[in-house]
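Here is a friendly briefing to read alongside the sequence and the 3D view. Keep both open as you go through the points.

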Amino acid sequence: MTSTTDTRDITVRIVNGFVKDGEGGNPAGVVLDADALSEDDMQAIAQKVGMSETAFVSSSDVAGFRLDFFTPNRRIAHCGHATIAAFSYLAQLGRVEEGETSKMTVDGPRKIVIQGTESFMEQLAPSYSGPSEWETSDVALADVLTSVGLSEADLIDGVLPQLVNTGNSFIVLPLRDAETLANVVPDQDQIGVISEKLDLIGYYLFALGGEGTDATTRMFAPRYAIPEEAATGMAAGPLACFLHDTLGMQKTHFDIAQGDFMSPPSPSRISVDLDRDATGAITGLLAGGYGKSMRETTVTLD
């Protein structure tokens with residue numbers, strides 16, 4: 001970062017998180033050594049970078065690093081692909097070692113595990129709320145389905161959507177097949193209104209299966225200026241919990257595909273490993289994948 005009298009030039013690395021075989025993934029801005037930046041600075045940089053999220057990495061007295069995340073229009077407590085992007089880039093630079101480290105966020109500390117240049121982030125045990133509980137916020141199941149042009153007939157038979165939180169809140173919608181998922185046309189304004197009422201990041205729609213995966217997904221988050229996202233690690237964790245607890249998939253490792261139905265496609269792969277206690281209840285999880293550094297850009301702050 002260099003300075004002039006009235007402006008500052010901020011170096012931003014664009015790193016794709018959750019790449020598949022070195023391609024695709026979800027691009028995030030990564031700003032290292034961000035200690036001197038104010039919250040207003042970070043928001044202005046994120047807006048100019050224009051990625052769905054930008055991660056600002058600074059020093060921490062209580063964790064390996066402090067990470068602050070901003071979308072183009074607001075701060076967000078956690079971001080999966082930007083976390084993976086940042087720590088993969090730090091590993092490539094030799095600034096973080098193999099093994100366990102941590103990040104401090106506005107929502108507290110989270111464990112990070114580094115394996116080569118692959119990184120995994122800790123999420124919390126899931127909490128759930130169903131459609132009957134949304135009604136206290138003036139949201140009905142029919143409203144949610146209408147906002148993505150669907151009806152209950154388009155869902156997996158007998159399985160209703162749920163709001164799931166492992167650090168961020170998403171509505172997880174179980175669709176009956178990949179064709180239905182591919183043909184979804186979201187009403188971004190309506191999703192934004194519902195997301196505001198329920199304090200959501202957005203919707204995470206999925207169909208079971210896919211190319212070597214447990215589920216194929218799409219994510220819409222207009223409340224955070226994200227019409228559709230190629231990879232969402234903070235949503236893949238809730239989905240893995242939903243697959244385990246609601247659909248009864250009694251295993252601890254899940255592979256999630258995302259980005260395949262975007263235009264243009266940006267295939268992404270997210271791995272989720274659940275931690276369970278002696279009763280089989282989920283106590284937390286790690287979600288992760290690979291990040292690939294793509295290019296560098298400079299943002300000028302006035």
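Where is the place of Asp199? Asp199 sits in the loop between H6 and S13. This is a predicted model, in which local features need pLDDT of at least 70 and side-chain atom pairs count only at pLDDT 80 or more, while totals for chains, interfaces and linings use all residues. Residues are numbered from 1 along each chain as its sequence is written, and side-chain values use heavy atoms, with hydrogens and water left out.

**The whole chain**

- The protein chain holds seven helices and 18 strands (DSSP runs numbered from the N terminus, with helices being H or I of at least four residues and strands being E of at least two).
- A compact globule of 302 residues would have a radius of gyration near 19 Å, and the protein chain agrees because its value is 19 Å (taken over C-alpha atoms, with the globule rule being 2.2 Å times the number of residues to the power 0.38).
- Among contacts in the protein chain with a separation of 6 or more, 65% are between residues 24 or more positions apart (contact means heavy atoms within 4.5 Å).
- The accessible surface of the protein chain is about 12100 Å², and carbon and sulfur atoms own 46% of it (areas come from the Shrake-Rupley method with a 1.4 Å probe, and for residues only the protein chains shown count as cover).
- The protein chain carries 20 positive and 43 negative side chains, with the centres of the two sets 3 Å apart (Lys and Arg count as positive, Asp and Glu as negative, and His and the chain ends are not counted; a charge is placed at NZ of Lys, CZ of Arg, CG of Asp or CD of Glu).

- H2 is mostly covered, with twelve of its 13 residues buried; among them are His81, Phe87 and Tyr89.
- Just after H2 comes Gly94, with a positive phi of about 80 degrees.
- Helix H7 (residues 233-245) also has a span to check: its 13 residues reach 19 Å from first C-alpha to last, close to the 18 Å expected at 1.5 Å a residue.
- Twelve of the 13 residues of H7 are buried, so the rest of the structure largely encloses H7; the buried residues include Met234, Cys241, Phe242 and His244.

**Helix H6 and the residue after it**

- In helix H6 (residues 188-198), the buried residues are Ile191, Gly192, Ile194, Ser195 and Leu198.
- The cover over these buried residues of H6 includes helix H3 (131-134) and H4, along with strands S11 (162-165), S12 (169-175), S13 (202-208) and S14 (215-221).
- Asp199 follows H6, and its phi is positive, near 55 degrees, in a residue other than glycine.

**Other backbone features**

- Most residues other than glycine have a negative phi, and most peptide bonds are trans.
- Asp21 has a positive phi of about 55 degrees although it is not a glycine.
- Asp21 belongs to the loop between strand S2 (8-17) and strand S3 (26-31), and it counts as exposed because its relative accessibility is 73%.
- Ser263 and Pro264 are joined by a cis peptide bond, with omega about -5 degrees.
- Pro264 is placed in the loop between strand S16 (253-258) and S17.

- Thr101 lies in strand S7 (residues 99-105) and counts as buried, with 18% relative accessibility.
- Leaving out residues up to four places away in sequence, Thr101 touches Gly64, Phe65, Phe87, Val96, Lys111, Ile112 and Ile114.
- Thr146 is part of helix H4 (residues 141-146) and is partly exposed, at a relative accessible area of 48%.
- From Thr146 to Pro186 there are 40 residues in sequence and 8.9 Å in space, C-alpha to C-alpha.
- Ala281 is in the loop between strand S17 (268-276) and strand S18 (282-301), and at 34% relative accessibility Ala281 counts as partly exposed.
- Ala281 touches Asp275 and Arg276, not counting residues up to four places away in sequence.
- Ala281 and Ala142 are 139 residues apart in sequence, and their C-alpha atoms are 30 Å apart in space.

Methods. Buried means under 20% relative accessible area, exposed over 50%, partly exposed in between (1.4 Å probe, protein chains only). The expected span of a helix is 1.5 Å times one less than its number of residues.
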